[in-house]
Amino acid sequence: MELTFLVDVNLPKHFSFFNTPNSYFVTDINLQMSDSEIWNYAIENNHIILTKDVDFFNRLLVSEKPPKIIYFQLGNYSLKQLYNYFTLNWDKIIFEVNNSKLIILISSLIAGLLGFFVLNGILKKTYIDDEQ
């Protein structure tokens with residue numbers, strides 16, 4: 001199955017990584033979409049959400065059937081730094097998304113979470129991490 005992406009409003013639209021036939025922008029669909037509407041749209045259309053919004057990460061933790069999410073936790077990168085980050089890591093991100101429900105991008109780490117389990121009443125995560 002071909003990967004399709006739903007790019008949240010908090011990411012730059014002009015990056016070549018997002019300007020493909022299989023990328024859709026919230027700003028083009030409905031700029032006023034709520035997080036719930038974005039979530040449901042992604043599920044209905046089998047899109048992977050690309051976002052810097054922590055609310056999607058939090059929602060995934062309690063959802064039974066979430067969409068896949070690529071969560072950018074990169075801080076205050078300039079557009080140039082963000083572009084360079086994608087240039088260096090986009091292929092790795094795409095590889096990880098095939099094996100994970102959630103990809104968390106931190107400046108020095110790409111972590112793909114496979115799932116969650118409860119151990120002694122504490123929510124634990126199963127994940128693969130790939131040090132750069």
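## Ground rules and overall fold

A residue is called buried here when its relative accessible area is under 20%, exposed when that area is over 50%, and partly exposed in between (1.4 Å probe, protein chains only). The structure is a predicted model, so local features need pLDDT of at least 70 and side-chain atom pairs count only at pLDDT 80 or more, while totals for chains, interfaces and linings use all residues. Residues are numbered from 1 along each chain as its sequence is written, and side-chain values use heavy atoms, with hydrogens and water left out.

Now for the overall layout. The protein has four helices and seven strands, where helices (H or I, at least four residues) and strands (E, at least two) are DSSP runs numbered from the N terminus. Along the sequence they follow the pattern β-β-α-α-β-α-β-α-β-β-β. Of the 132 residues, 40% count as buried.

## The aromatic cluster

Rings of Phe, Tyr and Trp (its six-membered ring) are paired if their centres lie within 6.5 Å; planes under 30 degrees apart count as stacked, over 60 as edge-to-face and the rest as tilted. This rule gives a count of 16 aromatic pairs. One of them joins phenylalanine 18 and phenylalanine 86 edge-to-face, at 5.3 Å centre to centre with 80° between the planes. This pair links distant parts of the chain, 68 residues apart: phenylalanine 18 is in the loop between strand E1 (5–7) and strand E2 (23–25), and phenylalanine 86 is in helix H4 (residues 79–97). Phenylalanine 18 counts as buried because its relative accessibility is 0%, and phenylalanine 86 is likewise buried, with a relative accessible area of 0%.

Phenylalanine 18 also pairs with tryptophan 90: the ring centres are 6.0 Å apart and the planes stand at 75°, so this pair is edge-to-face. Here too distant parts of the chain are linked, with tryptophan 90 in helix H4 and phenylalanine 18 in the loop between E1 and E2, 72 residues apart. One aromatic cluster includes Phe18, Phe86 and Trp90, and among its other members are Phe5, Phe72 and Tyr77.

A salt bridge is a side-chain nitrogen of Lys or Arg within 4 Å of a carboxyl oxygen of Asp or Glu. How many turn up in a search of the whole structure? The search finds one, and the side chains of lysine 13 and aspartate 28 meet in a salt bridge of 2.5 Å, N to O. Lysine 13 is in the loop between E1 and E2 and aspartate 28 in helix H1 (residues 26–29), 15 residues apart. Lysine 13 counts as partly exposed because its relative accessibility is 36%, whereas aspartate 28, at 51%, counts as exposed. The charged end of lysine 13 also sits over the ring of phenylalanine 25, 5.3 Å from its centre; the test is NZ of Lys or CZ of Arg within 6 Å of the ring centre and within 35 degrees of the ring normal.

Aspartate 8 is found in the loop between E1 and E2, and is buried yet has no salt bridge. Its nearest side chain of opposite charge is lysine 52, 10 Å away (Lys and Arg count as positive and Asp and Glu as negative; His and the chain ends are not counted). What aspartate 8 does have is a polar contact of 2.7 Å between its side chain and that of threonine 51. A polar contact is a pair of N or O atoms within 3.5 Å; within protein, one must be able to donate a hydrogen and the other to accept it, and residues adjacent in sequence count only if both atoms are side-chain atoms.

## Helix details and a positive phi

Helix H3 (residues 54–62) has Phe56, Phe57 and Leu60 as its buried residues. They cover an arc of only 100° around the axis, which puts them on the same side of H3; the arc is that of the directions from the helix axis to the C-beta atoms. Aspartate 53 caps the N-terminal end of H3, with a side-chain oxygen 2.9 Å from the backbone nitrogen of aspartate 55.

In helix H4 we find asparagine 89, which counts as buried at 3% relative accessibility. A polar atom of the asparagine 89 side chain lies 2.9 Å from the backbone oxygen of tyrosine 85. Asparagine 46, finally, has a positive phi of about 55° although it is not a glycine. Asparagine 46 is found in the loop between helix H2 (35–45) and strand E3 (48–51), and counts as partly exposed at 45% relative accessibility.
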